[in-house]
Number of protein chains: 2
Amino acid sequence: MNGAQAIILSAKQCGIEVCFANPGTTEIPLVAAFDDPGGIRPVLCLYEGVCTGAADGYARMLDKPAMVLLHLGPGLANGLSNLHNARRAHSPLVVVVGEHSTWHRPLDPPLAMDIESIASSTSGWQRTCISSSNLGSDMVEAVSASLKCQVATLIVPYDLQMAPCVEKKISPDESRGRAPDYLKIDEAAEVLRMDNKTALVLGGRTLRREGLLTAARIRNACGCDLLAECFPARMERGSGLPEMTRIPYIPEMAVDLLSHYDALVFAGADEPVAFFGYAGVPGRLLNEKTKRVHLADPRRDATKALVSLADMIGAPAYATKDILAQPSRPAMPAGKLSGQKACSVIAALQPEDVVVVDESITNSILYYPLTAGVPPFTLLTLTGGSLGQGPACAVGAAVACPDRPVIDIQADGAGMYTIQSLWTQVRENLNVTTLIYSNRSYDILKLELARYGVIAPGPNAAKMTDLSGIDWVSLGRSMGVSSAAASTAEELAQGLSKALVEQGPHLIQMNL
Amino acid sequence: MNGAQAIILSAKQCGIEVCFANPGTTEIPLVAAFDDPGGIRPVLCLYEGVCTGAADGYARMLDKPAMVLLHLGPGLANGLSNLHNARRAHSPLVVVVGEHSTWHRPLDPPLAMDIESIASSTSGWQRTCISSSNLGSDMVEAVSASLKCQVATLIVPYDLQMAPCVEKKISPDESRGRAPDYLKIDEAAEVLRMDNKTALVLGGRTLRREGLLTAARIRNACGCDLLAECFPARMERGSGLPEMTRIPYIPEMAVDLLSHYDALVFAGADEPVAFFGYAGVPGRLLNEKTKRVHLADPRRDATKALVSLADMIGAPAYATKDILAQPSRPAMPAGKLSGQKACSVIAALQPEDVVVVDESITNSILYYPLTAGVPPFTLLTLTGGSLGQGPACAVGAAVACPDRPVIDIQADGAGMYTIQSLWTQVRENLNVTTLIYSNRSYDILKLELARYGVIAPGPNAAKMTDLSGIDWVSLGRSMGVSSAAASTAEELAQGLSKALVEQGPHLIQMNL
């Protein structure tokens, strides 16, 4: 066995089943090892940002890492911004990057880059391998590190992949849990019992079913409000679950909301800060007087702590019905499509158990409130703010959950960044429906120009926000995606219904 | 005036005319300043790799920097791999990256990344601005640094862009030249005068007309061979210029070629090393016995030194005709298209003064020898090996030279990486013709698998090289590019002729 084979074998033994890959010369031994007995399933992506975004989506759905295989520094660079989103999502990812042969790297060949510096910007753990005989255990350590909800990057020189390697069986360290911190739970219980205006702020894995239902129990007992972090990596949502108010993206709105509380209990969420530092608007969204209790580190699953808290305050075993969202769908709209109507059509039709990836940016504000009572579904959002997450994340979610439909609600401005994702959706016959808000504009930039005081942009600034000229139907078809346009609510409803029953990827250009 | 306005004014005063931009919230003041009197022309790209590749192409054609405007760490990350190519091309580039407000950055907001670490991988010069009153002079220093043939990165916090700034007039330091090193020239002259087998290896700016004609004079006087670096940033080529043998990409072939020489004189080129470190193949392509003389640092224009060398050895003022390529075109082929026939059609039809961007990877070996005697043209190649250079570089070359046609000879495997370039080609009405070698395969990976010993790849490895399923005609049209397919030499000839006379971008899918 050579080093590359040891890496693939270790990955397999650690439970890795899929590799999102865009390999080159220095990863050829790993490519060949994909066909070893017990090898893993490679999924080719035609751009590295698709690989990393897909691995993020996969990890969010399965709470386990996929492997990502990238070519040298340039490949890692191309995948970096979706690794940033994965880092902000606390997703477990194992990124294997090929490096030049150990004896060749000092010659600074054309493709050489400082891979370590690039990797350090998103990796919670990273290692450049120095001996072929350790490659198997290096991989096991990378997987173990990733399970601490972070990106683990293994940089593997070409010659070491080809050198002989003795198999060693090592199990990954899966010790991700920590006992809840009972001092913190006491403190939180005390805060919740007081006659104050309090809220429980959920984030990370507490936004799954168990965490949400536990939060509902606590609300039942104490009357506290339930808030969610602004951009959850994954949130279960719909009828039978408590309605969660997401902390708004607009900092003034967030400050206003949070100012109503005397105390906040954080479970799996960080203290909220503004996305950007605007003049005259605070960066910290909480004022100093607000008492805060942090139940657990956001990089740990805080659900256990939440359950202990519910038990400690004597919450009922099940929340009463009035705390949980009742089944409801928005009425089906009619006529010429608008952002609001498009959201209503989606919320009216989305099936139970659908995975919704939301990279609709300005339109996401409209969609969320419409979905409180729809059949339960999973929502994945843009954690790190780096555009191009949607189409790639949808690939990973669909690979992770082949039996669940995936809808990517996609702003056109953000849609072009990883548009190569459509090709992989076709290649792997994934049940992804991409819904493009075609408003032909970087609307968020228009808002920001107005905030800066530019209400009527000059010709150059206006040119920076104008996205006209993309025919998404033709673009989808160019990669083999069944594609159509919708200009009315009825057309969208018809197209979406069709897309959801047919096998394979679909795209609908929603003309706004 | 605020800091953003000072940056744009300084850029303008330093001669910057164009900004390839993909801005976000933290660059809004700079976007607004584009409309100031004396502002610069912004060119919107729908992906950051297009911005940086375009700026590289622009710099190669004009020997002066364009500005690149990117959004925070994720924007820089997305542009990084084409910055790598620009670094390897020794192109002058000024990259302005927005950063969070100085007081907001410590809060680690969602979009925060370690921009400095990322930038360090490609920047020869970088600075994070700390005072608004210096932004104008910071920009002047960035331009000065870029003129030393490198990427200069200026990281500009949002609040500083908005803060007041007093205009200061500072001129850029354009001292890029250095007097030739006469000791080295003496040494080179001595080597060339000896009765040995010698070659002159040209690179960088010596591959322009003056350098090439000077090299021809030297060959006339000494009988030395003329070699060029493997992947020139820019090379003038065609009838009336000396034929240059490029050092082969395949290391065994390069070693064989170079082994024939007792001595090499390098002018503007680095000593060649293999692209990859293969077992049993040397990384350094020159053997130890070969004498080498380096006329000048490859990051400096070595043309002056070359001229001094020619004069010192008493070369004739003009090379005789037999040293220069005579006008010749390959015969126009007929019938079903192949890689070889496609190259012949292009070489048979390409007009004088065309700029050819060559990212055809495996097919580039076929094209180059056919163009020795075609009407003089400019060739831009993939300096850093990072895929996705072609379509973006073509954007920049066309913006730099609006009166010259641009042809991007494009491998389909590399074509998807910065496919968003087509949109900017349409938006700016650029005379770019993209010729896609549609062989539906990462052919270079098949070669590398065979080299590794995998002649019949297993199903997983085979999946990694199969690119089928892209309809490039539909893809081109989706962004408004006039697009067609060609399956025969005649169809290609007809399509290319049409593309070259019509205004605006064209695309031809060459079915191989």
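**View 1. Strands S13 and S14 of chain B run side by side in this predicted model.** Strand S13 (residues 355-359) and strand S14 (residues 377-381) of chain B are parallel and joined by 4 bridges; two strands count as paired if DSSP finds at least two bridges between them. Look for Asp358(B), which stands opposite Thr381(B) in S14(B). Helices (H or I, at least four residues) and strands (E, at least two) are DSSP runs, numbered from the N terminus. Residues are numbered from 1 along each chain as its sequence is written, with chains lettered from A and ligands numbered from 1 in the order in which they are written. In this predicted model, local features need pLDDT of at least 70 and side-chain atom pairs count only at pLDDT 80 or more, while totals for chains, interfaces and linings use all residues; side-chain values use heavy atoms, with hydrogens and water left out.

**View 2. Stepping back shows the open sheet of 7 strands in chain B.** The strand order is S9-S14-S13-S15-S16-S18-S17, and the pairing is mixed. Strand S9 (235-237) and strand S17 (482-486) of chain B each have a single partner strand, so one side of each is left without a neighbour in the sheet. Neighbouring strands are turned by 20° against each other on average, direction ignored.

**View 3. Helix H12 of chain B meets both strands and a helix.** Helix H12 (residues 339-349) lies across strand S15 (406-411), strand S16 (432-438) and strand S18 (506-511) of chain B, running at about 165° to S16(B). Axes are lines fitted to C-alpha atoms, for helices over the stretch in contact, and angles run from 0 to 180 degrees between N-to-C directions. H12(B) also packs with helix H20 (residues 489-501) of chain B at about 35°, with the axes 10 Å apart.

**View 4. An open sheet of 6 strands in chain B has parallel pairing.** Its order is S2-S1-S3-S4-S6-S5. Strand S2 (41-44) and strand S5 (125-128) of chain B stand at the edges. S5(B) is joined by 4 bridges to strand S6 (residues 151-157) of chain B, and Arg127(B) stands opposite Leu154(B) in S6(B). Helix H4 (residues 72-88) of chain B lies across S3, S4 and S6 of chain B, at about 165° to S4(B).

**View 5. Chain A and chain B come together here.** The contact takes 95 residues from chain A and 95 residues from chain B. The two chains bury about 7900 Å² between them, 63% of it on carbon and sulfur atoms; buried area is the accessible area (1.4 Å probe) that two parts lose on being put together, summed over both. In chain A, Pro110(A), Tyr452(A) and Met464(A) lose the most area to chain B, together 9% of what that side buries. A rotation of 180° with 0.0 Å of shift along its axis superposes chain A on chain B (RMSD 0.0 Å), by least squares on the C-alpha atoms of residues with pLDDT of at least 70 in both. The two copies are therefore related as by a two-fold rotation axis.

Key. Contact means heavy atoms within 4.5 Å.
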